[in-house]
Amino acid sequence: MEQAWLLPGLTFGAFTVLSLASLTGLARRIPGGGAWLSIAAALVSFVLFWPVAADEQARGTHSFAIPWVQVAGLELTAGMAIDPLTVLMLGLITFVALCVQVYSTGYMRGESRYSWYFAALSLFVTAMLGLVLADNYLLLYIMWELVGFCSYLLIGFYYDRKAAAEAAKKAFVTTRLGDVGLLIGILLLFRATGTFQMSGVFHAVETGAIEPATLSLAALLLFLGAMGKSAQFPFHVWLPDAMEGPTPVSALIHAATMVAAGVYLVARSYPLFSAVPGMLMFMTLVGLITTIMAAGIALVVTDIKKVIAYSTVSKLGFMVAVLGAGGAGFTAAIFYLVTHGFFKALLFLGAGSVIHATHRQDLQELGGLGRKMPLTASVLLIATLALAGLPPLSGFWSKDEALVALSQRGPLVYGLAILSVFLSAIYGARLWFRLFTGPAPTADHESGPVAEDESEPGTHALATHDAPVAMALPMLALAAMSVVGGVVALPAVGALVGMPQGIGSYLFFHEPEPFYFDAGVAVTSTTAALLGLFVASGLYWWRIWSPAALQARFSRAHALLERKFLVDEVYQWAIDHIVLASGRLVALFDRAVLNDAGVNGPGVVTVALSALLKYTQTGRLANYALIMVIGLLVLFAAAFGFAM
Amino acid sequence: MIPIQQVLTISAGLFCLGLYVVLARRNAVLVLMGLELMLNGVALNFITFAVYRDPERFLGQIFALFVIVVAAAEVGLALAIILRLYRLRRTANVDEANTMRW
């Protein structure tokens, strides 16, 4: 549908109005801070998504473009391509964005820069919608950078807090490392094929018009970009730090925008990646390392948001690993991305609800909230079970397809994937049990350093309340999707929404993947998840085992997890000893060679020489005249000498 | 007719005398007079060559006239400057007019 540009167009309009209003200070006069404008744009986008999806089903993949740049020898178009992948992403983005924005009206109430917050959210959504609609790599790259920039704005929303400002910088710089790779990769492809159009590039790949070496390099560089955005090892370090942003922003970043961009890029460029031998295996490898590592860290982190953040890293690694599993993996990974978007957004919104109610986000200071916050507890339970992948929740169907795809990659890959399922059940359940069961934290925790933002320390427990309506509705909507979002994989349900053979017949690479239910895989993964839940219950609910004893028993492993596998330390060392050292070298060159010798040098020499020359200026007329005469005589002598 | 060498010697002598005065004297008025001597030497040189080598066309004489005219103008200007200098400094010593030096 040609009107698909309205989706990002509307949200961009909201951004323009709100950012101008908040810059000029007019926003204070708009009722509700103008949040309704941003929400209305997201709502209309979400409503418009349906005709776009229906149109895609009726007409199939289609694209349209307008001329963009026309200079000698180069004609660029800015266009949109709509195919099943784009449609799924559009639906996910608009839905999650709508939920997050409605939720934000409750969560961010009374915040200074309230309007600017919504402006930035709108721009973020615009960039992400543009990213999934773009039909050429150049436009995609622009949107890609815009997504990174918006995440910088929002992670650093509380820019007066040092940690937030640094987290924003860290996110921006870390993802930039990958972005540079992406840009070089895109330019390599442009040089090899002469076009930025994705369809043109893929056609060249299929006909073998690109040299294998160039193709491999370009694919690797593109994947580098995806690794940065989707927080794959070793670029995952920015994501947990990004928790410094407001919680609804985390939900948006982790579910629909930013991190989804990397997975989307890999899926979008799948013809490219699958044409490079070994590339898919490499993706699986990177993904598995990421997923196991992050799941391990999530077991020991005590900040609720960081637990969920590492869970996201782990799940993103899982998606990338699945993407590396060929055609079936392609479908499964995107399916997983969508269902993950629902329950991950729900997890964050639920966590935000807890933080909103208690002003605490450390597990050691929280507990026993189940009775005070029944709604939050129940939606978080749904999200946790979906995360663990229990049937019949959405996480089960998507994870199951993913595991089927991975099981074709050999027992080791499959075993590690099952391990990650087991671990995610543990950390998810640990979070839930520690938040909602057990005794409320003791008083000595209450008087911890975080308590100072309460005016009266004692009132905290009484003031704890469940989510207000503005926050509850989006959580319920997301909870509903977390429950039913997965069943479209079933042919019977898929037929109702135009996917007669399940999602595999709608979204596929090369050929449709018929719905395939492997009882063995389903039983294995469900057993692993149940086992994980059982272990977590034993540790944190029934308390028949002691987590502290476990920590003492495996103290070295625990320390390694607590220090997050030392990745941050390695980066710090590299920055201190490599980046700064070479920076000092460059600074020395700049100061000594460029500045002192190059710029000041001529000046110094001139001054020194003129200090000598000034003595020739005696001020005596006779001297000057004498020198003139001598000069003339010399000239005469020379002239005569020359003549003779 | 007097040999050309003798006339040229007188002309060169005049010029050198003027040059010496310009270089050696401190009084601005005397320097100016030295300058006039040099100009006269030059003018005599012009006329000598004109008369001895190319008597038909009076080119040298014309140059001499120009020299005299320019010299007159120059003296007028230079005397005015010297007058100003004297008013300013109460002296016409050229060595004392050295404020433009480093």
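Some housekeeping before the tour. Residues are numbered from 1 along each chain as its sequence is written, while chains are lettered from A, and ligands numbered from 1, in the order in which they are written. Because this is a predicted model, local features need pLDDT of at least 70 and side-chain atom pairs count only at pLDDT 80 or more, whereas totals for chains, interfaces and linings use all residues.

Let's begin with chain A as a whole. Chain A has 27 helices and two strands; helices here are DSSP runs of H or I with at least four residues, strands are runs of E with at least two, and both are numbered from the N terminus. The C-alpha trace of chain A spans about 115 × 65 × 55 Å along its principal axes. Of its 644 residues, 50% are buried, and by that I mean 20 or more other C-beta atoms within 10 Å of a residue's own; 12 or fewer makes it exposed, anything in between partly exposed, and the C-beta atoms are placed from the backbone. Now contacts, which need C-beta atoms, again placed from the backbone, within 7 Å. Among contacts in chain A between residues at least 6 apart in sequence, 78% join residues at least 24 apart.

On to the interior. A nonpolar core is a set of buried Ala, Val, Leu, Ile, Met, Phe, Trp, Tyr and Cys residues joined through C-beta atoms within 7 Å. Which residues touch the most other members of the largest core? They are Val322(A) and Ala333(A), in a core of 215 residues. Helix H15 of chain A, residues 326–358, supplies the largest share of this core, with 19 residues. Apart from it there is another core, of eleven residues, including Val31(B), Leu37(B), Met38(B) and Ala64(B). Back to Ala333(A): leaving out residues up to four places away in sequence, it touches Val263(A), Ala267(A), Met319(A), Val322(A), Leu323(A) and Ala402(A).

How do the two chains meet? Nine residues of chain B are in contact with ten residues of chain A. The chain B side of that contact divides into six nonpolar, one polar and two charged residues. For those classes, Ala, Val, Leu, Ile, Met, Phe, Trp, Tyr, Cys and Pro count as nonpolar, Asp, Glu, Lys and Arg as charged, and the others, Gly among them, as polar.

Next, the strands. S1(A), residues 62–71, and S2(A), residues 74–82, run antiparallel and are joined by nine bridges; strands pair if DSSP finds at least two bridges between them. Val69(A) stands opposite Leu76(A), and Gln70(A) has Glu75(A) as its bridge partner. The hairpin has two residues between the strands, and Gly73(A) there takes a positive phi near 75°. Is S1(A) buried or in the open? The number buried among its ten residues is zero, so S1(A) lies largely in the open.

Two helices are worth a stop. H26(A), residues 567–613, has 47 residues and reaches 63 Å from its first C-alpha to its last, close to the 69 Å expected; the expected span is 1.5 Å times one less than the number of residues. At Gly601(A), shortly before Pro602(A), H26(A) has a kink of about 55°, where a bend is the angle between axes fitted to the seven residues ending at a residue and the seven starting there. The count of buried residues in H26(A) is zero, and the helix is hardly covered. H6(A), residues 162–193, has 32 residues that should span 46 Å, and its end C-alpha atoms are 46 Å apart, which agrees. H6(A) still bends by about 30° at Leu177(A), and just after the helix Gly194(A) takes a positive phi of about 75°.

Finally, some backbone details. Most residues other than glycine have a negative phi, and most peptide bonds are trans. His359(A) is not a glycine, yet it has a positive phi of about 60°; it is found in the loop between H15 and H16 of chain A. His359(A) counts as partly exposed because it has 15 C-beta neighbours inside 10 Å. In chain B, Phe58(B) has a positive phi of about 55°, in the loop between H2 and H3. Phe233(A) and Pro234(A) are joined by a cis peptide bond, with omega about 0°, and Pro234(A) is in the loop between H8 and H9 of chain A.

Notes: Contact = placed C-beta atoms within 7 Å.
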